[in-house]
Amino acid sequence: KGEKVVEMNQSVINVVVSGDVLKEIKYPESWATLKDEQEPNIGNDFVDKIMRPMMLFRGGELPTSLMTPGGVYPVAMSQFAKRAIAASVPHWLPNNCTQCNYCALVCPHAVIRPFVATEQELSSAPKTFETRKAKGDYAGLNYRIQIAPMDCTGCEVCVHTCPDNALEMVDIQVALNDGAAANWEFAINLPERGFMTDRNSVKGSQFQRPLLEFSGACEGCGETPYVKLLTQLFGERMIIANATGCTSIWGGTAGFTPYAKNSKGQGPAWGNSLFEDNAEYGYGMAVATTQRREKLAALVQSAIDQKAGDATLQKLLQSWLRDRNNGDRAGKYLDQLLESIEAQRHFHPLLAQIADQKDILPNISQWIIGGDGWANDIGYGGLDHVLASGQN
């Protein structure tokens, strides 16, 4: 079988070089010195002065004076790339749609999303921003599936996944002429309403803002839909231990960060390890967090016993002690707890100690992410060790 494949490949080469398949195409000499079209500045210094030159492979020309000391890059920068690499993009057929949100779930790049809007908000929408009456928890609002045409890779996964034939591929220029870019800009600036539904379902999860978006992963990537979903379920309290590989290329591209943050500034904390030890890397994080939170719980119990703080804070501390391992339940009053502790930290030394450890008041959701080269090959021993440990 192997020899036959080799012979087939060789025969193709022979046909090409011996016949008239190869044709010389002459092009103007001026093409060699053509300059890239200058994109208009958007008013974001990082995007205008650092990110765009890097995207044009001119990072080596950037002076160090432009860089933040320490080499820190801001997050959520991939939203400004607007690579426009798709020849065709999905188009929504609202009369066929049953509002299942499967298309958004499977999208590798978070470029197709459901949106809901009030009648008042729609009064300022572009003319082609067509909607249908929303169902379920969003009854009384208006529903739309919107595509980001300049960020789409044209993989067609959403079209083939849709059970209702509610999506079709159209030429990118047709979509742009129909107002797709303006529709996206309008939709993405609508108020976030994920809190109105249970996010622990396929449909509900897709009303949550993805905190992994517009990455440089290949079109149709099989990894990013899973990680994107994790950020929709746990992103505001999530820590990722990442194995070197594809997940570090699309996840940690310099100047092109696809991991994002929510309106409160919360998002995944991401760290990259070596190829071979990611299981141990993430396991160490999880064990350390568990130990720190056990000590924090002891401090909270002492604060309750000593009645540190006012009655409101005492009630919040009691609730946290009960719910501390339930991220969603504790998350409902976590902001109020943080505000109360900060306001009263000077009234009792225990409150000051608790305030100093506020980063672990949320129930940290620890994840270890990597590809098959790590999990099945060089790192499988560590993976077995972590799974056998019973650590959450």
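Of the contacts in the protein with a separation of 6 or more, 75% are accounted for by residues 24 or more positions apart. The structure described here is a predicted model. The protein has 17 helices and 8 strands. Taken along the principal axes, the C-alpha atoms fill a box of roughly 90 × 55 × 50 Å. Of the 392 residues in the protein, 42% are buried.

Two packed helices are described by the angle between their axes and the distance between the axes. The table gives these values for two helix pairs.

| Helix pair | Axes come within | Crossing angle |
|---|---|---|
| Helix 14 (residues 334-344) and helix 15 (residues 349-356) | 9 Å | roughly 130° |
| Helix 11 (residues 278-305) and helix 15 | 10 Å | roughly 150° |

The axes of helix 11 and helix 15 cross at roughly 150°, and an angle over 145 degrees counts as roughly antiparallel. Helix 11 is therefore roughly antiparallel to helix 15. Helix 11 passes helix 15 in a left-handed crossing. On the side of helix 11, the residues that meet helix 15 are Leu296, Leu299, Val300, Ser302 and Ala303. Their partners in helix 15 are Leu350, Leu351, Gln353 and Ile354. By class, this contact consists of 7 nonpolar and 2 polar residues, with no charged residues.

For helix 14 and helix 15, the axes cross at roughly 130°. These two helices are therefore oblique to each other. The crossing of helix 14 with helix 15 is left-handed. Ile341, Glu342 and Gln344 in helix 14 meet Leu351, Ile354 and Ala355 in helix 15. The contact of helix 14 with helix 15 has 4 nonpolar residues, 1 polar residue and 1 charged residue.

**Helix 2 and its ends**

Helix 2 spans residues 45-55, and its buried residues are Phe46, Val47, Asp48, Ile50, Met51, Arg52 and Pro53. The N-terminal end of helix 2 is capped by Asn44. In this cap, a side-chain oxygen lies 3.0 Å from the backbone nitrogen of Phe46. After helix 2 comes Phe57, which has a positive phi, near 60°.

**Two buried residues**

His109 is found in the loop between helix 3 (102-106) and strand 2 (112-117). Why does His109 count as buried? The relative accessible area of His109 is 2%, and buried means under 20%; His109 is therefore buried. The side chain of His109 reaches the backbone oxygen of Ala217 at a distance of 2.8 Å. Residues up to four places away in sequence aside, His109 touches Thr153, Glu213, Phe214, Ser215, Ala217, Cys218 and Glu219.

Ala175 belongs to helix 6 (residues 172-177). With a relative accessible area of 9%, Ala175 is also buried, because the cut-off for a buried residue is under 20%. Which residues is Ala175 in contact with, leaving aside its neighbours within four places in sequence? They are Val89, Val170 and Ala180. Ala175 and Ile147 are 28 residues apart in sequence, and their C-alpha atoms are 9.6 Å apart in space.

Technical notes:
Residues numbered from 1 in each chain as written. Predicted model: local features only at pLDDT ≥ 70, side-chain atom pairs only at ≥ 80, totals over all residues. Heavy atoms only, no water. Axes fitted to C-alpha atoms, helices over the stretch in contact; angles between N-to-C directions. Helix = DSSP H or I, 4+ residues; strand = E, 2+ residues; numbered from the N terminus. Parallel < 35°, antiparallel > 145°, perpendicular 65-115°, else oblique. Left-handed = near helix turned anticlockwise from the far one by under 90°. Contact = heavy atoms within 4.5 Å. Nonpolar A, V, L, I, M, F, W, Y, C, P; charged D, E, K, R; others polar. Buried < 20%, exposed > 50% of the residue type's maximum accessible area, 1.4 Å probe, protein only. Polar contact = N/O pair within 3.5 Å; in protein donor to acceptor, adjacent residues only side chain to side chain.
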